[in-house]
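Dear colleague,

Please find below the structure that I am handing over to you. My findings follow directly after it.

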Amino acid sequence: MGRAFEYRKATKLKRWGHMAKTFTRIGKQISIAVKAGGPEPENNPTLRAIIANAKRENMPKDNIERAIKNAMGKDQSEYKEMSYEGYGPHGVAIFVDTLTDNTTRTVGDVRSVFNKFNGNLGTQGSLSFLFDHKAVFTFKKKDGIDMDELILDLIDYGVDDEFDEDEEAGEITIYGDPKSFGDIQKHLESEGFEVTGAEFTRIPNDLKDVTPEQRETIDKMIEKLEDFDDVQTVYTNMKPAEE
C-alpha cells in the first residue's frame with residue numbers, strides 16, 4: 001500500500017470526528033454543489049461525488065434529500081471554502097479546511113485555538129510546501145481491469161502512477177491533481193466505474209516525530225478545532241501513532 005493510503009488510514013478516525021459532525025460537513029458541501037451546479041445529480045458531477053461520499057458515511061437518504069432541498073431555498077447562507085494554516089505546539093504543521101458563511105467568526109475561532117495551545121497561525125500558502133494537495137477517488141474494481149492501462153489513460157489528468165487496492169472491499173483508490181477533479185470523475189464514470197468516494201485531501205510529505213505526551217497535546221488541539229461547525233477537516237504532519 002502507498003504512503004498516502006497508510007497516512008489516511010492511520011488518521012481517518014481522528015480527522016473525520018463523530019457521525020453527527022460528518023453529516024453537518026456533508027450538508028454544507030451539498031449546499032455549495034447545488035448552488036454551483038443545480039440540484040439534479042445526473043447533471044451535477046460535483047453533487048454526484050458528494051452524494052457518493054454521503055452514502056459511504058451512511059448518511060440517510062432523507063438527510064441527503066433534505067440538504068439538497070434546503071440548498072435551493074432563497075434564504076440559505078452562502079458558504080465559502082477557506083483554509084487556515086500554521087504551526088501548533090512542538091513545531092507540528094496544521095492545516096484547517098473550513099466551509100463558512102462568516103469568515104470573521106471562523107478565523108477568530110481558529111486563531112483562538114492556535115493561541116490557546118501556543119501555536120502560530122500563518123498566512124495563506126505559507127505551509128503549502130509541507131503538504132501535497134490531492135484529489136482522491138475510490139471506485140469499485142471491475143473484473144479483468146488492467147490498472148496500468150487505466151492509470152496511463154488518467155496520467156493526462158495528473159493522476160499519480162501509485163494507487164491503493166482494498167482487496168476486502170474490492171475497491172481501488174487513486175490520487176490526482178485537484179484541478180482535474182471533474183475530468184477524472186467524468187473519465188471514471190464514462191468507463192463504467194462505480195465511484196464510491198471522491199474528495200480532496202492534504203498528504204504531508206515529511207512526517208514529524210513526537211513523544212506520546214506531545215501527541216496528547218496536539219490531539220487536544222485538533223479536537224478543539226473540530227468542535228467548530230465551520231471546520232471541515234484538520235490535517236497535520238504529525239507522524240501517526242504506531243498500533
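Predicted model: local features only at pLDDT ≥ 70, side-chain atom pairs only at ≥ 80, totals over all residues.

Residues are numbered from 1 along each chain as its sequence is written, and side-chain values use heavy atoms, with hydrogens and water left out.

An open sheet of 4 strands is arranged in the order 3-1-2-8, with antiparallel pairing. Strand 3 (120-121) and strand 8 (231-236) are at its edges and have a single partner strand each, so one side of each is left without a neighbour in the sheet.

The chain as a whole

The protein chain has 8 helices and 8 strands. Helices (H or I, at least four residues) and strands (E, at least two) are DSSP runs, numbered from the N terminus. Of the 243 residues in the chain, 46% are buried; buried means under 20% relative accessible area, exposed over 50%, and partly exposed in between (1.4 Å probe, protein chains only).

Helix 8

The 15 residues of helix 8 (residues 212-226) should span 21 Å at 1.5 Å a residue, and this agrees with its end C-alpha atoms, which are 21 Å apart. The expected span is 1.5 Å times one less than the number of residues. The buried residues of helix 8 are Arg-215, Ile-218, Asp-219, Met-221, Ile-222, Leu-225 and Glu-226. They cover an arc of only 160° around the axis (taken from the directions from the helix axis to the C-beta atoms), which puts them on the same side of helix 8. An α-helix has 3.6 residues a turn, so residues three or four places apart point the same way.

Arg-48

Arg-48 is placed in helix 3 (residues 45-56). Its relative accessibility is 25%, so Arg-48 counts as partly exposed. Leaving aside residues up to four places away in sequence, Arg-48 touches Pro-41, Glu-42, Asn-43, Gln-185 and Glu-189, where contact means heavy atoms within 4.5 Å. A polar atom of the Arg-48 side chain lies 3.1 Å from the backbone oxygen of Glu-42.

Yours sincerely

Technical notes: Polar contact = N/O pair within 3.5 Å; in protein donor to acceptor, adjacent residues only side chain to side chain. Pairing = 2+ DSSP bridges.
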